[in-house]
Amino acid sequence: MDIAWGDVQKNINRAITLIGEHPGADLYILPEMFSTGFNGECEKEPAEGLKAMQEIARERDCAVAGSIAIELEGGARVNRFYFVTPDSVRYYDKKHLFTYSGEHKKFTGGTERVIVEWKGLRILLLVCYDLRFPVWSRNRGDYDMILYVASWPSSRRFAWDSLLKARAIENQCFVAGVNRVGTDPSCVYDGGSVLLDPYGTAIASCTDSMEEVAEGDVNLNILNEYREKFPVLDDAETFVLVAR
């Protein structure tokens with residue numbers, strides 16, 4: 001998506017249109033802060049963006065995932081990655097706040113690692129800057145896919161492409177990275193949205209710098225056969241994370 005700066009209703013309408021033009025998916029993924037852009041503005045609970053996600057999930061019998069900037073009751077702000085199904089709402093609050101742009105001054109970081117399950121697939125939810133911290137995303141045998149949603153600028157695109165592949169390969173999992181396109185007062189975004197298999201190979205991808213929907217299939221049989229044939233995760237260190 002090309003996110004309109006601070007225009008919640010316009011962005012919601014655009015997301016609804018893009019999804020409506022591509023029916024039949026089990027999961028739709030929207031970029032980071034898709035309803036406002038990465039501008040420090042927040043929706044208040046109950047967020048209009050979340051209401052739209054719930055309506056789409058019910059109408060299409062699917063899951064919808066995307067990050068919304070939320071101001072909680074009491075004034076705290078979080079970058080909240082929602083995973084919405086027809087009958088449930090789960091969320092992950094972005095842990096690694098982007099200090100380079102001052103996100104840590106406006107938002108509170110999360111402390112909980114969140115894995116959801118949808119249609120037999122175990123999915124780890126992560127947001128943008130989290131991509132640079134491999135320990136936080138390390139597969140402990142508890143997920144099959146990572147979702148990264150982002151507002152990742154074109155100036156650091158090489159890192160985006162490289163780290164998404166690394167996370168897929170080192171964790172023997174599928175990875176979906178969904179980034180925005182367009183411009184805002186601070187940055188230019190050229191996308192790079194991609195679905196990767198456990199070998200780090202692209203299953204589907206969007207054209208750079210264009211609003212576009214890419215569609216691909218995630219096959220658990222392929223993943224399980226690969227893990228059985230080449231059981232890298234069996235040799236990984238055992239550890240417990242303490243978030244601070």
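How many nonpolar, polar and charged residues does the lining of the largest pocket have? By class, that lining has 26 nonpolar, 10 polar and 7 charged residues. In this count Ala, Val, Leu, Ile, Met, Phe, Trp, Tyr, Cys and Pro are nonpolar, Asp, Glu, Lys and Arg are charged, and the others, Gly among them, are polar.

The model is a predicted one, in which local features need pLDDT of at least 70 and side-chain atom pairs count only at pLDDT 80 or more, while totals for chains, interfaces and linings use all residues. Residues are numbered from 1 along each chain as its sequence is written, and side-chain values use heavy atoms, with hydrogens and water left out.

Let me begin with the empty spaces. Rolling a probe the size of a water molecule over the atoms shows where empty space is left. The search uses a 1 Å grid over the protein atoms alone: a cavity is a set of points where a 1.4 Å probe fits but cannot get out, and a pocket is an open set with protein on both sides within 12 Å along at least five of seven lines. Lining residues have an atom within 4 Å of a point. Grid points are joined across faces, edges and corners, and a volume is the space filled by probe spheres set on the points.

The largest pocket holds about 950 Å³ of space. Its lining consists of 43 residues, and Leu27, Tyr28, Ile29, Ala214 and Gly216 lie nearest its centre. Among the elements that give two or more residues to this lining are helix 1 (8–20), strand 1 (27–29) and strand 13 (202–205). Strand 9 gives the most, with 4 residues. Helices (H or I, at least four residues) and strands (E, at least two) are DSSP runs, numbered from the N terminus.

The second largest pocket has about 360 Å³ of space. Of its 25 lining residues, Phe38, Phe98, Ser101, Cys187 and Tyr189 are the closest to its centre. By class, this lining has 12 nonpolar, 6 polar and 7 charged residues.

I turn now to the cavity. The structure holds 1 cavity of 30 Å³ or more, and about 40 Å³ of space lies in the largest cavity. Which classes of residue line the largest cavity? The lining divides into 10 nonpolar, no polar and no charged residues. Among them are Ile12, Ala15, Leu30, Phe34 and Met53. Helix 1 and helix 2 (48–60) each supply at least two lining residues, and the largest share, 4 residues, comes from helix 1.

The next topic is the aromatic residues. A pair of aromatic rings is described by the distance of the centres and the angle of the planes. Rings of Phe, Tyr and Trp (its six-membered ring) pair if their centres lie within 6.5 Å; planes under 30 degrees apart count as stacked, over 60 as edge-to-face and the rest as tilted. The whole structure contains 7 aromatic pairs. In one of them, Trp152 and Trp160 are tilted, at 5.4 Å centre to centre with 50 degrees between the planes.

Are these two residues buried or exposed? Buried means under 20% relative accessible area, exposed over 50%, and partly exposed in between (1.4 Å probe, protein chains only). Trp152 is buried because its relative accessible area is 3%, and Trp160 is buried because its value is 0%. Elsewhere, Phe98, Tyr100, Tyr129 and Phe133 form one aromatic cluster.

Rings may also have a charge over them, that is, NZ of Lys or CZ of Arg within 6 Å of the ring centre and within 35 degrees of the ring normal. The charged end of Arg80 sits over the ring of Tyr91, 3.7 Å from its centre. Tyr91 belongs to strand 5, where it stands opposite Tyr82. Strand 4 (residues 77–85) and strand 5 (residues 88–93) pair in the antiparallel sense over 6 bridges; two strands pair if DSSP finds at least two bridges between them. These strands form a hairpin with 2 residues between them.

Lys119 lies over the face of Trp118, 5.0 Å from the ring centre. Lys119 is in the loop between strand 6 (115–118) and strand 7, and its phi is near 50 degrees, a positive value in a residue other than glycine. Lys119 counts as exposed because its relative accessibility is 54%.

Finally, the backbone has a cis peptide bond from Glu45 to Pro46, with omega near -5 degrees. Pro46 is placed in the loop between strand 2 (43–44) and helix 2.
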